[in-house]
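Dear colleague,

Here is the structure I said I would pass on. My notes on it follow below.

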Amino acid sequence: MTSNPLDALETRAPEERERALLARLPGLIARAQQAPGWARILDGVDPGAITSRAALAALPVTRKSDLKALQEERPPFGGLAATPTAELAHVFMSPGPIFDPEGRGQDWWRFARPLFAAGVRAGGLLQNCFSYHFTPAAFMVESGASRIGCSVIPAGTGQTEMQVQAMAALRPDTYVGTPSFLRIIIEKARETGADIGSVRHALLGAEALPESLRSWFREQGVPHVFQTYASADIGSIAYETATDGVLDPGMVLDEEVLLEIVRPGSGEPVAPGDIGEVVVTLFNPDYPLIRFATGDLSALLVEERRGVRTNSRIRGWLGRADQTTKVRAMFVHASQVQNIVRRHPAILKARLVVSGQMANDVMTLQCEVERRPDPALAAAIGASIREVTKLRGEVAFVAPGALPEDGKLIEDARDYS
């Protein structure tokens, strides 16, 4: 079941796909240059000359980390949207804030492909546990499910007992959401004795999925567990597939994505197989993205392909090119740590350490202080952590000079095994 492709595009000869993508580049560049932000970034670029990967690699990189400043200069989308705001279906706001558009086309986020690869089929029922509040993840699922013909329970996040009740009563075959929340739901079902055994498929995203947790899900009766790699700016980038019930290597790229792996901090492509930053060129007429640097690290798989889908594959998410990290599906930035430190003059130096295992992680702000720390200071810093990051975090006081002199404000010390 999960071996089947969604359509013939996924089984094209690699050479045919590459020719088709490169042939579309001039039209994409010309469309992008109609938007004022891209007109400035691509000033002087002749669209007709961008017909190869080498020509594309000579264009400037636009970084996800640049979006906030660009959008403040030209609200709401930094001049990067080629469709007027009044003609869009939705406008989303991610933490930052960063604003993202959604056009009116079918399966605008191209999410039917990862859903189909995970086993979602027409006539099925999935419980959508991504947030419907401000951010687009839930709407990515909705659009993909609509294309396939699958019904959706719009469950959103939180309210664990109601999630379990819905699963027990409505008997969905698929869960879509974060791995950490699926674990919480399963544990609540075990605690209450509820039968949620109808859920046999899971498509997980927004957090890393260690193999230990995937195995745990299988032990709990969810045998078909897949990861997807997407972002609020791009939509679907890559996703896991299976052949005859066995996971294929890595994650296959979406058909509308032209991907480069570049040396972090530059636009220079690395050798095939080397780890670098994920840079995406997206063929989206409403929100064209040209050499958009995600800040994520990955690498192309150079081993022999397996499965019916013939597109290139990446190793999946391998960390961040900067100090940004994700905690419980929320990005945490070095600038946020600096913001917290500025609020509390007693902090001489700080380092945010994320520890534990994915789906059960702990965020601790280690603070160097001179005077003897007191509970009131810890409570105040904890409140600042919550206000700035929208996440709960612990506070640990250490002596002056105890933190490493390595320039890091965020340390990801989680166990990914």
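F134 sits in the loop that runs between β4 (125-128) and α6 (137-148). The model is a predicted one, and in it F134 has a positive phi of about 75° although it is not a glycine. How accessible is F134? Its relative accessibility is 46%, so F134 counts as partly exposed.

R110 also deserves a look. Although not a glycine, R110 has a positive phi, of about 60°. Its place is the loop between β3 and α5 (112-117). R110 is buried, because its relative accessible area is 9% and the cut-off for buried is under 20%.

Next, the cis peptide bonds. One of them runs from P75 to P76, with omega near 0°. P76 belongs to the loop between α4 (67-73) and β2 (90-94). Another cis bond leads from G96 to P97, and there omega is near -10°. P97 is found in the loop that links β2 and β3 (98-102). Please check both sites when you go through the backbone.

On the sheet: four strands make up an open sheet, and their order is β21-β20-β19-β22. The pairing in this sheet is mixed. Its edge strands are β21 (394-398) and β22 (410-412), each of which pairs on one side only. From one strand to the next, the twist averages 25°. Within the sheet, β19 (residues 349-357) and β20 (residues 360-368) run antiparallel to each other and pair over nine bridges. As background, strands of a sheet pair through backbone hydrogen bonds, in either a parallel or an antiparallel sense.

On cysteines: how many disulfides are there? The count comes to zero. For C129, the nearest cysteine sulfur is that of C150, 13 Å away. A disulfide needs two cysteine sulfur atoms within 2.5 Å, so C129 is in no disulfide. C129 is buried, since its relative accessible area of 2% falls under the 20% limit. C367 is buried as well, with a relative accessible area of 0%.

Last, the second largest pocket. Its volume is about 380 Å³. The lining has 23 residues, and those closest to the centre of the pocket are E18, R53, L259, L300 and S312. Which elements each supply at least two residues of this lining? They are α1 (14-32), α3 (53-57) and β13 (257-262). The largest share comes from β13, with five residues. By class, the lining holds 13 nonpolar, four polar and six charged residues.

Regards

Methods:
Residues are numbered from 1 along each chain as its sequence is written. This is a predicted model: local features need pLDDT of at least 70, side-chain atom pairs count only at pLDDT 80 or more; totals for chains, interfaces and linings use all residues. Side-chain values use heavy atoms; hydrogens and water are left out. On a 1 Å grid over the protein atoms alone, a cavity is a set of points where a 1.4 Å probe fits but cannot get out, and a pocket is an open set with protein on both sides within 12 Å along at least five of seven lines; lining residues have an atom within 4 Å of a point. Grid points are joined across faces, edges and corners, and a volume is the space filled by probe spheres set on the points. Ala, Val, Leu, Ile, Met, Phe, Trp, Tyr, Cys and Pro count as nonpolar, Asp, Glu, Lys and Arg as charged, and the others, Gly among them, as polar. Buried means under 20% relative accessible area, exposed over 50%, partly exposed in between (1.4 Å probe, protein chains only). Two strands pair if DSSP finds at least two bridges between them. Axes are lines fitted to C-alpha atoms, for helices over the stretch in contact, and angles run from 0 to 180 degrees between N-to-C directions.
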